[in-house]
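The following note sets out points for a colleague to check against the coordinates. Please read each one beside the display.

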Amino acid sequence: MTSRGSQSHGGQVRRKAHVCAGCADLTDSGPTTRYARRALLRAAIFDSPVFDGHEHEFWAHRPPRAAAVVTGVLAEVTPQAIVVSRSDGDQFIAVSPSTVTWLGAKVSPSALRAGDPVIVRRRTQRLVSGGPAPDGAPPGHGPAASIAERIWARIGRVAGEIMEVRGRELLVDTGQHGREPERVVIAEASLRHVQVRFPRLTPGYLIDVIGTRRSDGYLLAVTPATAQPPYLAAHPPAPPPAGAYSGGPISGAAVWHQPGDERADLLGVGYAALDPETEGGSAGPGDAAHQHEPCARLPYLSLGSAVRVRNECADRAAVLPVTSCSASARQFCDRCVKCGTSPRARVADLTMAAFVELGGNLEDGCFNATLTLAG
């Protein structure tokens, strides 16, 4: 077993600092309304309502809700439908021959089992009753049915610094304050595929993998989420010059993270440049976290700030609150190549529900995105 522990590569003991400066007090995510309320108060003080420029609704009064996404635990699976158990009751969702199901790979819906945590992107379709719709009528004029477009079961992701390696098993520090390192086991059949994108499975280097969550909590990794950065986690490249951000839309990569302490259905954005003056204070001059600037030059924002996120690959957009600090956006200076190469590194670290709501497929790991400050 190899271990990096608390030793720097210069041989001196160093303090293990979390990547997100000022994130120490952000572990209590709470409901989305908390962030909406903060944005509303800020807008009232500065007389700057948080509109998205396109939608008619002022989201601070009504927190964003998923229209297309259902999260929960499978209660029942039949050839025609699944039943998802949620805190507000069971949700019946029909499946069709076009429904795509993911459980470590694309599988038939019959592979799902009751008790599996799932996230579903659905569409609502009007059923035609009493024969075909009359000429000129919209498709379907009967009762509405909820049909699954995609189902992800037990999906998980781990991104961070490799701390220990033992064969196919890794211990990964995700850089989030207050969280224990994550245990990752690379599936034997996927080892070569993962090593192509992550050739240095060595302590000190970064890893970002997607897989299935097992019953005892570890992640069985089946696919790489990106390519491995060439640098050590403790020595990221220098950030862009201070004048690199000149206002206006910000284009780059959008990724996703698992809920952790957040609600599974939370629609929000993890952001790499939280304002240190309002979100817990900046790191001291000797703190390594202070040196980990975002890979893309971003403006400072506070929790609750409203940003419009657009999925350039699926042509879908939504206004979302900033709900957390993103460690991965500070660590990974990579690019998304899902629909062309993103011009910047990670500019948004979306909650799972938000990523799926915006048309992203979780197994892809990212999409090209444009952020616009909505406040």
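1. By class, 5 nonpolar, 2 polar and 4 charged residues line the largest cavity. Here Ala, Val, Leu, Ile, Met, Phe, Trp, Tyr, Cys and Pro count as nonpolar, Asp, Glu, Lys and Arg as charged, and the others, Gly among them, as polar. The lining residues include Arg157, Asp334, Arg335 and Arg346, together with Cys336 and Cys366. A cavity is a set of points on a 1 Å grid over the protein atoms alone where a 1.4 Å probe fits but cannot get out, and lining residues have an atom within 4 Å of a point.

2. The model is predicted: local features need pLDDT of at least 70 and side-chain atom pairs count only at pLDDT 80 or more, while totals for chains, interfaces and linings use all residues. Residues are numbered from 1 along each chain as its sequence is written, and side-chain values use heavy atoms, with hydrogens and water left out.

3. Arginine 157, part of the cavity lining, has its charged end over the ring of tryptophan 256, 5.4 Å from the ring centre. The charged end of arginine 183 likewise sits over the ring of tyrosine 218, at 4.6 Å from its centre. The criterion is NZ of Lys or CZ of Arg within 6 Å of the ring centre and within 35 degrees of the ring normal.

4. Strands S2 (residues 69-77) and S3 (residues 81-86) pair in the antiparallel sense over 4 bridges, and a hairpin of 3 residues joins them. S3 also runs antiparallel to S4 (residues 89-94), with 6 bridges and a hairpin of 2 residues. Valine 83 stands opposite glutamate 76 and also opposite phenylalanine 92 in S4. Strands are DSSP runs (E, at least two residues; helices are H or I, at least four), numbered from the N terminus; two strands pair if DSSP finds at least two bridges between them.

5. Of the 2 disulfides found, one joins cysteine 313 and cysteine 339, with sulfur atoms 2.0 Å apart (the cut-off is 2.5 Å). This pair links distant parts of the chain, 26 residues apart: cysteine 313 lies in the loop between S16 and S17, and cysteine 339 in the loop between helix H4 and S18. Why is this disulfide called left-handed? The torsion about its S-S bond is about -75 degrees, so the disulfide is left-handed.

Note on methods
1 Å grid on protein atoms, 1.4 Å probe; cavity = no way out; pocket = protein on both sides within 12 Å on 5 of 7 lines; lining within 4 Å.
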